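Work through the exercises below with the sequence and the 3D view at hand. Each task is followed by a solution in steps.

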Amino acid sequence: MRPYILAENNWKNLKNAKIDLAVLPWGATEAHNFHLPYATDIYEADLMAAESAKIAWDKGANLIVLPTIPFGVNTGQSDVYLNINMNPSTQFAVLSDIVEVLNRQKIYKLLLFNSHGGNNFKSIIRELGLKYPKMFICFANWFQSLDRTEYFDDPGDHADEMETSLLLHLKPDLVLPKENWGEGKEKKNRITAFQEGWVWSERKWSQISEDTGVGNPAMATKEKGEAYFKAVTSKMGKLFSDLCKADLEDLYE
Ligand SMILES: [Zn+2]
């Protein structure tokens, strides 16, 4: 039993525990090119959060990883078969219930460990922060924690070289052989301002990619996945430790 994983822990162990930080991994259930499993984001969230928590726990941090939420915001992929969407308003309701419990039980620090680009928690955190002033809620996108160009030749956005490398390392039995990998070619918006990145609209996924991927996985290897997994989890492990130690009354310098 890993004592920092709530799903594996028990009442005997936890009834008198004092936890500083709760970590909530959040994934999505969606197609990842032709060759990666629908639960790609869930496996990444699960395994990265657990390893990061282990690193922090071994250094004395008092934290608990909650079970991973399996559905994310997939509003732009409603026509991709069996992509399951959870609306932002539902995410607000789910988080609201979890935060209410943590707040009542005096676990005032919560980190959302996000695995899916369509999940955006800023406005939800602002609103819940107003409602629960004692709570410190933050979110991290692990896929933005490092400069991916240092680890990959052709980093993309979705089911790309990075995610394919990670799954080759984490769940090799669930990755189809290379002859099945699509090119992950993305069609860009014709309007310049969108290409420059300062105007945003949701992409209609089935119009921008033929294989659901964005980013070419061709150069993926399990060695790259392993190196990147180690680097991300060691950086996240430090974040978990820092959050545990942080004095919420004296956060700024
Ligand atoms: Zn993904």
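A residue is buried if its relative accessible area is under 20%, exposed if over 50%, and partly exposed in between (1.4 Å probe, protein chains only). Helices (H or I, at least four residues) and strands (E, at least two) are DSSP runs, numbered from the N terminus.

The model is predicted: local features need pLDDT of at least 70, side-chain atom pairs count only at pLDDT 80 or more, and totals for chains, interfaces and linings use all residues. Residues are numbered from 1 along each chain as its sequence is written, and side-chain values use heavy atoms, with hydrogens and water left out.

**Exercise 1. State how many residues of helix α5 are buried, and name what covers them.**

Step 1. Helix α5 spans residues 161-170, and nine of its ten residues are buried.
Step 2. The buried ones are E161, M162, E163, T164, S165, L166, L167, L168 and L170.
Step 3. Look for contacts, meaning heavy atoms within 4.5 Å. The cover of the buried residues includes α2 (40-58) and α8 (222-245).

**Exercise 2. Find the protein donors of the zinc ion and classify the site.**

Step 1. Donors are N, O and S atoms within 2.8 Å of the metal (3.2 Å for Na, K and Ca); water is not among the atoms, so sites may look incomplete.
Step 2. The zinc ion has as protein donors H32 (NE2), D41 (OD), E163 (OE) and E163 (OE), at 1.9 to 2.7 Å. Along the chain their spacing is H-x8-D-x121-E.
Step 3. Four donors are tetrahedral if all angles lie between 85 and 135 degrees; four are square planar and six octahedral if opposite donors are over 155 degrees apart and all others between 65 and 115; anything else is irregular.
Step 4. The angles among the four donor atoms run from 52 to 149 degrees, and the site is irregular.
Step 5. Check burial: H32 is buried at a relative accessible area of 0%, and D41 is buried at 2%.

**Exercise 3. Describe the aromatic pair of F113 and F240.**

Step 1. Rings of Phe, Tyr and Trp (its six-membered ring) pair if their centres lie within 6.5 Å; planes under 30 degrees apart are stacked, over 60 edge-to-face, and the rest tilted.
Step 2. The count by this rule is eight aromatic pairs.
Step 3. In one of them, F113 and F240 are 6.0 Å apart centre to centre with 80 degrees between the planes, which is edge-to-face.
Step 4. F113 lies in strand β3 (residues 109-114) and F240 in helix α8, so the pair ties together parts 127 residues apart in sequence.
Step 5. Both F113 and F240 are buried.
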